[in-house]
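Here's a quick briefing to keep beside the structure while you look around. Grab the viewer and follow the topics in order.

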Amino acid sequence: MSYTILVTAPRLADAGREVLERAGCRLLYIPKGEEASLGQMMASQPIDGVIARTLPLSRDAIASCQGLRVISRHGVGHDAVDIQAAAELGIPVTVVGDTNAQSVAELAIGLMIALARNVSHSDHQIRNGKWPRQNPGLQLSGRVLGLVGCGTIARHVARIANAIGMRVVAHDPALETMPEGISKAASLDELLASSDVLSLHCPLLPATHNLIDAEALAKLPAGAMVINTARGGLIDEDALANAITAGHIKGAGLDTLSSEPPPENHRLLHLPQVVLTPHVGGNSDAALALTARAAAENALALLAGQPPAHGRIVNAHLLETAK
């Protein structure tokens, strides 16, 4: 049976597109610059499944799409999808598991190194005719990396950090014991007090919104660095800007922000101690191919009445309640 699949982006990596085309699917895309057309397309087209990338899927958009049977996230996060609304309409929402974990971990380490060695600031000064050899960087070996959350991405980060020579400590209430190479912090406060570098690897939930606020930042050692490749809402960004401006925090490496893209007057954009990337942790050749294939296979599995081939149904508990 042929299905109509909407991809909420201008394209899907070949590995995923080919899976869908071999199954005889009709593919629809949202062209660049026409993101506002998403709701209209969902309301006007006979769509069986959505492969959801970065565009948010609201209750209204989901409800307008008659015949929609599955939302397959092209990634591991699902905060951009109204999973409650989907469940009320009997629509499962899937995520793809750990297909981009290595890619995100590599960026987290890259942001640490860029901050520690003043890469962005030095590059800017050289391009403006200066030769800033008197700005010493920090050696990461021997320093403590604190991980908030210890899922697959965090474990990849820990493995690389161990190889550099860092000591890794993690706080994750869901884990009784930590993997080899990672020490367990009894509490978030204990983790903060010992972390020369703090790296965030937890989901954005009501309980974790602004988890790293002014009070948490003050508990970090002077000169600590903050890395976020998870979700922007985990950090109180005004508090972070204040802590950097005051000199308590050396800097931050951020792949995610609470508003993406950020407004021009966002304070963190104007601090040279902040290294920014545009939410591209999973945007590598290998990760995009793996994620696209997994998202496509999840959609096809559920449309055929089978469990997802990769990852899980994130609103399974809500689907049961909605019955």
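Start at asparagine 298, which sits in helix H11 (residues 285–303). Keep in mind that this is a predicted model.

- Is asparagine 298 buried or exposed? Its relative accessibility is 0%, so asparagine 298 counts as buried; the cut-off for buried is under 20%.
- A polar atom of the asparagine 298 side chain lies 3.3 Å from the backbone oxygen of valine 95.
- Setting aside residues up to four places away in sequence, asparagine 298 touches Ser72, Thr94, Val95 and Val96, along with Pro308, Ala309 and His310.

**Helix H11 as a whole**
- As background, an α-helix has 3.6 residues a turn, so residues three or four places apart point the same way.
- The length of H11 checks out, because 19 residues at 1.5 Å a residue should span 27 Å and the end C-alpha atoms are 27 Å apart.
- Just after H11 comes glycine 305, with a positive phi of about 80°.

**The seven-stranded sheet**
- Now for the sheet: it's an open one of 7 strands, paired in parallel, and the order reads S8-S7-S6-S9-S10-S11-S12.
- Which strands are at the edges? They are S8 (182–184) and S12 (274–276), each of which pairs on one side only.
- Going from one strand to the next, the twist averages 20°.

**The S8 end of the sheet**
- Strand S7 (residues 167–171) runs parallel to S8, and 3 bridges join them.
- If you want a pair to click on, valine 168 has isoleucine 182 in S8 as its bridge partner.
- Helix H7 (residues 152–164) packs on the sheet here, touching S6 (144–148), S7 and S8. The direction of H7 makes about 175° with that of S6.

**The S12 end of the sheet**
- Helix H10 (residues 237–245) also packs on the sheet, where it touches S10 (224–228), S11 (249–254) and S12. The angle between the directions of H10 and S11 is about 140°.
- How many of the residues of S11 are buried? The count is 5 of 6, so S11 is mostly covered, with buried again meaning under 20% relative accessible area.
- S10 and S11 run parallel and are joined by 5 bridges; look for valine 226 opposite alanine 252 in S11.
- To get from S10 to S11, the chain crosses through H10, and this β-α-β crossover is right-handed.
- On to S12: 3 bridges join S11 to S12, again with the two running parallel, and leucine 254 stands opposite leucine 276 in S12.

**Threonine 208, out in a loop**
- Where is threonine 208? It's in the loop between strand S9 (197–200) and helix H9 (214–219).
- Threonine 208 has a relative accessible area of 13%, and because the cut-off for buried is under 20%, threonine 208 counts as buried.
- The threonine 208 side chain reaches the backbone nitrogen of leucine 205 at 2.7 Å.
- Beyond its neighbours within four places in sequence, threonine 208 is in contact with Pro203, Gly233 and Leu234.

How values were computed. Residues numbered from 1 in each chain as written. Predicted model: local features only at pLDDT ≥ 70, side-chain atom pairs only at ≥ 80, totals over all residues. Heavy atoms only, no water. Helix = DSSP H or I, 4+ residues; strand = E, 2+ residues; numbered from the N terminus. Buried < 20%, exposed > 50% of the residue type's maximum accessible area, 1.4 Å probe, protein only. Polar contact = N/O pair within 3.5 Å; in protein donor to acceptor, adjacent residues only side chain to side chain. Contact = heavy atoms within 4.5 Å. Pairing = 2+ DSSP bridges. Axes fitted to C-alpha atoms, helices over the stretch in contact; angles between N-to-C directions. Right-handed = clockwise from strand over helix to strand, strands pointing away. Expected span 1.5 Å × (residues − 1).
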